[in-house]
Amino acid sequence: MKFSKICCLLIPLLLLLIGCAGGGEAEPALISADNVSGDLVYSIYAGNTVTITGYRGSDQVLVLPDRIDTRPVTAIGDDAFAGQTGIVYLTLGKNVRSIGNYAFSGCERLCELDLGGKLEWVGEYAFSDCIGLTRLTVGDSVKELGNGAFSDCVSLCEVEIGDGITSLPSGIFVGCDSLITVRMGKNVTTIHDEAFYQCALLRNVIFGKSVEKIGPRAFAYCEGLEKISLEGKIAEVGDEAFFCCTQLKSLTLGKALRTVGDGAFYGCSSLREVKGGEKLQQVGYSVWEGAPWLTEQEGPFLMIGDGILLRYNGEGGEVRIPSGVKIIADAFSGCSNLTSVIVSDSVTDIGAYAFYSCGSLTSVTLGKRTARIGASAFADCGLLTQLRLSDALESIGQNAFKSCPSLSIVSYPGSEKKFGGIVIEAGNAALTGAVISYKTS
């Protein structure tokens with residue numbers, strides 16, 4: 001009994017000690033705070049290191065010391081210099097390894113910044129709203145930049161990212177509407193969401209050879225971009241990544257590219273040339289909506305990638321999907337003259353919004369291999385009456401047959417039991433409520 005009680009007391013203590021000993025670098029213990037050296041306020045931490053936490057001066061040229069009373073200055077704390085509008089030139093001490101969140105936010109006159117030396121980490125919004133900043137160099141020693149670190153630096157025109165950075169975080173340059181040129185280090189693999197959102201003058205983006213993923217809205221409203229080359233290792237372009245890049249004229253899709261998200265190039269109203277993309281396997285809906293390229297191609301069927309039917313530019317009526325098509329994107333969305341569709345046996349996927357709002361569509365026959373019907377694929381097809389499903393069907397997305405009040409003749413070439421195994425998401429009452437004929441033998 002005593003042994004059990006002792007264990008109950010000791011085990012939590014042992015777990016606490018184990019947790020403290022491993023699993024990441026613990027923050028050093030604070031020794032003393034609110035110390036003053038000249039115009040600087042600082043704290044001392046275990047290990048005899050100094051973090052600058054505040055500033056009481058008004059110097060235009062600020063040179064931070066390497067040491068204070070023999071102790072190395074290794075960090076700039078959160079908000080330490082926030083709102084200091086007098087600082088024009090900044091030199092970090094050679095021992096500084098980290099800059100805290102909002103550390104220099106709102107330093108409106110700061111004009112140039114070289115982040116080198118031993119610096120490894122820059123916090124969130126560390127230099128946000130530094131509206132006088134024109135040039136930025138991120139040295140190879142820097143390993144991590146925080147979200148929004150240079151957001152709304154409206155005068156920033158040139159950026160060079162060092163080789164220590166592997167990802168550009170969310171919103172890092174959002175609102176930098178004077179930014180013209182960006183050179184990325186050779187180790188950047190990911191550009192996160194809204195990294196360059198609303199950088200209206202951005203013209204030159206030099207992607208490093210390691211970039212693999214461009215996140216949602218990463219370059220949305222970058223109206224100055226005229227040419228983009230997504231070559232090298234770039235495999236994924238996120239939703240609305242280049243949304244409303246209205247001056248974009250030429251786009252090259254590299255051989256590594258596999259996925260392009262919803263609306264990735266939506267509203268690119270000057271885009272007339274798209275090259276490559278032969279390895280594309282998945283495209284979202286409205287990817288190129290508003291781009292002249294969609295409608296200026298010859299022939300009724302615009303194909304891209306590995307068997308993706310991207311756009312139908314024909315006259316409507318009865319349409320047979322060509323053999324070789326594997327995926328139907330939102331190719332027929334809003335096609336008012338389409339009356340019936342016969343899907344070829346090569347088609348495995350009918351994508352989201354593929355036949356959305358085809359107001360004259362009355363009959364659909366799926367191919368033998370059609371396994372998936374995407375969200376809203378046949379939504380708002382008010383006259384759709386006849387539907388022949390596929391025996392290979394596995395899933396039907398949300399609202400695929402929403403607002404299809406005329407749907408009454410549905411046939412399924414498999415058994416009723418097998419039909420029951422199909423995953424049918426919400427919003428498909430028009431289908432599930434219809435009388436379905438099954439295979440009888």
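**Pocket, sheet and cores in a predicted model**

The second largest pocket has a volume of about 400 Å³. This is a predicted model: local features need pLDDT of at least 70, side-chain atom pairs count only at pLDDT 80 or more, and totals for chains, interfaces and linings use all residues. Residues are numbered from 1 along each chain as its sequence is written, and side-chain values use heavy atoms, without hydrogens and water.

Trainee: Which residues lie nearest the centre of the second largest pocket?

Mentor: A pocket is an open set of points on a 1 Å grid over the protein atoms alone, where a 1.4 Å probe fits, with protein on both sides within 12 Å along at least five of seven lines. Lining residues have an atom within 4 Å of a point. The lining holds 25 residues, and nearest the centre lie Gln282, Val283, Gly284, Gly351 and Ala352.

Trainee: How do the residues of that lining divide into nonpolar, polar and charged?

Mentor: Ala, Val, Leu, Ile, Met, Phe, Trp, Tyr, Cys and Pro count as nonpolar, Asp, Glu, Lys and Arg as charged, and the others, Gly among them, as polar. The lining divides into nine nonpolar, ten polar and six charged.

Trainee: Why is one side of β27 and of β37 left without a neighbour in the sheet?

Mentor: Strands are DSSP runs (E, at least two residues), numbered from the N terminus. Two of them pair if DSSP finds at least two bridges between them. Six form an open, parallel sheet in the order β27-β29-β31-β33-β35-β37. β27 (317-320) and β37 (436-437) stand at the edges, so each has a single partner strand.

Trainee: Which residue of β29 is the bridge partner of Val319?

Mentor: β27 and β29 (residues 338-342) pair in the parallel sense over four bridges. In β29, the partner of Val319 is Val341.

Trainee: Is Ser43 buried or exposed?

Mentor: Ser43 lies in strand β2 (residues 40-45). Buried means under 20% relative accessible area, exposed over 50%, partly exposed in between (1.4 Å probe, protein chains only). At 6% relative accessibility, Ser43 is buried.

Trainee: Which residues touch the most other members of the largest nonpolar core?

Mentor: A nonpolar core is a set of buried Ala, Val, Leu, Ile, Met, Phe, Trp, Tyr and Cys residues joined through side-chain atoms within 4.5 Å. The largest has 90 residues. Those touching the most other members are Phe127, Phe173, Ile191, Phe196, Phe219 and Trp288.

How values were computed:
Grid points are joined across faces, edges and corners, and a volume is the space filled by probe spheres set on the points.
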